[in-house]
Amino acid sequence: MPPPTAAAPQPSPALPPVAPRTVKDRVLRVTRRLGLTGRGGVILGPYAWLVLFFFIPFLIVLKISVAEPAVGIPPFTKLIEWVDGGLDVHIRFSGFQALFDDDLYLLAYLNSLKIAFVSTLCCLFIGYPMAYAIATAPEKRRGPLLMLIILPFWTSFLIRVYAWMSILKDEGLLNNLLLSLGIIHEPLKILYTDLAVYIGITYSYLPFMILPLYATLEKMDHTLLEAAADLGARPWKSFLTITLPLSLPGIVAGSLLVFIPAVGEFVIPSLLGGSDTLMIGRELWNLFFNSRDWPSASAVAIALLAFLVGPIMIFQHFQGRDQDKGAA
Amino acid sequence: MSDAPDPRPRPAATGPIGKSPAVKSPAVKFEPWHDPAAKPYIRIEKVTKRFGDFTAVDNVSLSIYRGEFFSLLGGSGSGKTTLLRMLAGFEQPTEGRIFIDGVDMAGIPPYDRPVNMMFQSYALFPHMTVENNVAFGLRQDGVPKDEIRTRVAEMLELVKLTPFAKRKPHQLSGGQRQRVALARSLVKKPKLLLLDEPLGALDKRLREQTQFELVNIQEKLGVTFVVVTHDQEEAMTMSTRIAVMDHGAIAQVGTPTEIYEYPNSRFTAEFIGSVNMFEGNIVESEPDHSLIRSAEAGCDLYVTHAAHLAAGSHCWVAIRPEKVSITKEKPAEADGGRNVTRGVVREIAYLGDISIYQIDLASGKRVRATAPNVTRRTELPITWDDEVWLSWRPFAGVVLTD
């Protein structure tokens, strides 16, 4: 980063001599030369965090993905080895090869994307009206309503998924209710199906959809809707032409916050899904802990990351656009 | 009252931008409110609006005629904006009825009213270009695309924004946004345009210029304007008539001259411009004149209009500062000590075109008098601590009861 003061003009010779520089000035000059400004210092924290807890672990996973499985601890071959007075670098693509050899992984990826996509749509269609209702509620009622959205986080995620098991099972709450109301005569098979996975993901990730949607809807200027009505737009038309486009950043943010973790979701398909519910998170777990094939598991993880970089870039793009507007 | 001759040229508060005679032909006087045959375009009948315990608009009745430039003038909380929002349909009256062009507006939503509004915040759609903002209203009505294009182009031409058609609102200056808002609200050719503080967000110079443009556009398109403003100068400059509002009620309705020269209450007199109020008691109340004895003024006040009050009644006499003349010598026309009093100059504010003098009377009452600086003098003829005579003509005062 160039020092921000680089544009400051040098004192011209016509001016009277400048007072001798103090120690503080000199220190500042040195730190500026090094690019160490106050602003840089503030940004350093998050950078250090990302390097330490994202980039370095990523490199480790990348390294494992190009190794071969081995019996021992750790259960993979070394990347660089000292053999006969020379360095041997072992790079094997057998982990990645497995991704293509067995169409199980491709199907698991596609199925994960499908489940994540459908769940995201469900979250959007359930979450948008909720976010809208909270954003347009009287101001003193918004706090408690938001509280209700966040309240489930007080309970462990795992316990909430277990709770869904007892709701959805054959003799569970839902089936008992429907049976006693006479709507159905035989219990519905929901638990251990894809439907249960959709319900579980939609339920668990709904707050991540509602919160960003609420944030964009809440700061929307209500007079814009009045202006639209004044110009002859019926309420539904005002929603489509004004509210919806202006809440697009919230829709994008919420959708990505749901979609990205849902693709790699492991706990929900394991507990609620059937044995045939194919999701990449589950396959990854199996490779890691059941087959102890760390290189293949790492390769799956790297490929998953590559799959998700696309949506993240879209997110970044929209966020950038939003900030442009905000600067106005 | 309005037929009374104008004793002086237009009040100083109007400033240099009066309604130019070129715009409104003086030959044909536009005063439909005096014509008993004229049908009001807007009829507001005993309208009251309450929000919980708070009465925002209190039993207001008004008639506004086609082609008027009508101002609702009042301080914040006077109910002027609520009244405007009821005309637009954003609020429903708690009591009373509103007719626009003879149709009862009860229950008619904003999108079905023959009315457009220009919002104080402009409320431009931030995600649309200037062009699309202006076209929005026409699209709602299913106007054919070609016609939309020509009408939007015409409108942008009118407000001189053609080069900015493709810009987004955040790429425009405040004045340009104001004109987009105006174009957007006019493009549907409404019979009635409501403007909420249309010039409020502009700086002084731009405001004066835009006042002119607004009046010109209004004349050109023949639209009826109802404007909400807290700026009395703005209201005086642009309006055919003004309704002064206070605490949800209408204090006075009249032309700018009527409101300024013949206020009907202490509130109106004090709200519009500045005024000297002398407290006193009626001595004589005749059809052609009134005489008020005021200890505060230090003289008897002779006023050439009927007070319609019994002798001895308590009242006030309002005299505008520009109608008070200051002299060092006792004025020759001093008529039996009436309308003449003495005081000491305490403050002088030199504004270039005029000077404002603050004079303390013997009673302790501070009087404000303004005088134009007709001659070019570095030394003011009257200076601090001078003993001066204050006098005014018999037509200057207005008798007010409360």
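Modeller: The account below begins with the conventions, turns to the helices and cores, and ends with chain B.

This is a predicted model, in which local features need pLDDT of at least 70 and side-chain atom pairs count only at pLDDT 80 or more, whereas totals for chains, interfaces and linings use all residues. Residues are numbered from 1 along each chain as its sequence is written, chains are lettered from A and ligands numbered from 1 in the order in which they are written, and side-chain values rest on heavy atoms, with hydrogens and water left out.

The largest nonpolar core contains 51 residues. Such a core is a set of buried Ala, Val, Leu, Ile, Met, Phe, Trp, Tyr and Cys residues joined through side-chain atoms within 4.5 Å; buried means under 20% relative accessible area, exposed over 50%, and partly exposed in between, with a 1.4 Å probe and protein chains only. The residues with the most contacts inside this core are A:Tyr128, A:Ile201, A:Leu213, A:Ile268, A:Leu272 and A:Val300. Among the elements of chain A that give two or more residues to it are helix H4 (103-136), helix H8 (194-218), helix H11 (248-263) and helix H14 (294-326). Helices (H or I, at least four residues) and strands (E, at least two) are DSSP runs, numbered from the N terminus. Leaving aside residues up to four places away in sequence, A:Ile268 touches A:Phe157, A:Val161, A:Val197, A:Gly200, A:Ile201, A:Ser204, A:Tyr205 and A:Gly273, contact being heavy atoms within 4.5 Å. Apart from this core lies another, of 41 residues, with A:Leu231, B:Ile64, B:Met86 and B:Ala88 among them.

H4(A) and H11(A) pack with their axes 9 Å apart, at an angle of about 145 degrees. Axes are lines fitted to C-alpha atoms, for helices over the stretch in contact, and angles run from 0 to 180 degrees between N-to-C directions. The crossing of H4(A) past H11(A) is right-handed, that is, the near helix is turned clockwise from the far one by less than a right angle. On the H4(A) side the contact includes A:Phe117, A:Leu124 and A:Tyr128, and on the H11(A) side it includes A:Ile251, A:Val258 and A:Phe259. By class, this contact has 11 nonpolar, three polar and no charged residues; Ala, Val, Leu, Ile, Met, Phe, Trp, Tyr, Cys and Pro count as nonpolar, Asp, Glu, Lys and Arg as charged, and the others, Gly among them, as polar.

A second pair is formed by helix H9 (residues 222-230) and helix H10 (residues 235-246) of chain A, whose axes come within 10 Å and cross at roughly 155 degrees. H9(A) and H10(A) are therefore roughly antiparallel, a term for angles over 145 degrees. H9(A) also passes H10(A) in a right-handed crossing. A:Leu224, A:Leu225, A:Ala228 and A:Ala229 in H9(A) meet A:Ser238, A:Ile242, A:Thr243 and A:Leu246 in H10(A). The residues of this contact divide into six nonpolar, two polar and no charged.

B:Tyr122, in the loop between strand S6 (115-118) and helix H2 (130-140), has a positive phi near 75 degrees and is buried, with a relative accessible area of 6%. B:Asn59, in strand S2 (residues 54-64), has a positive phi of about 50 degrees, but is partly exposed at 48% relative accessibility.

Key. Parallel < 35°, antiparallel > 145°, perpendicular 65-115°, else oblique.
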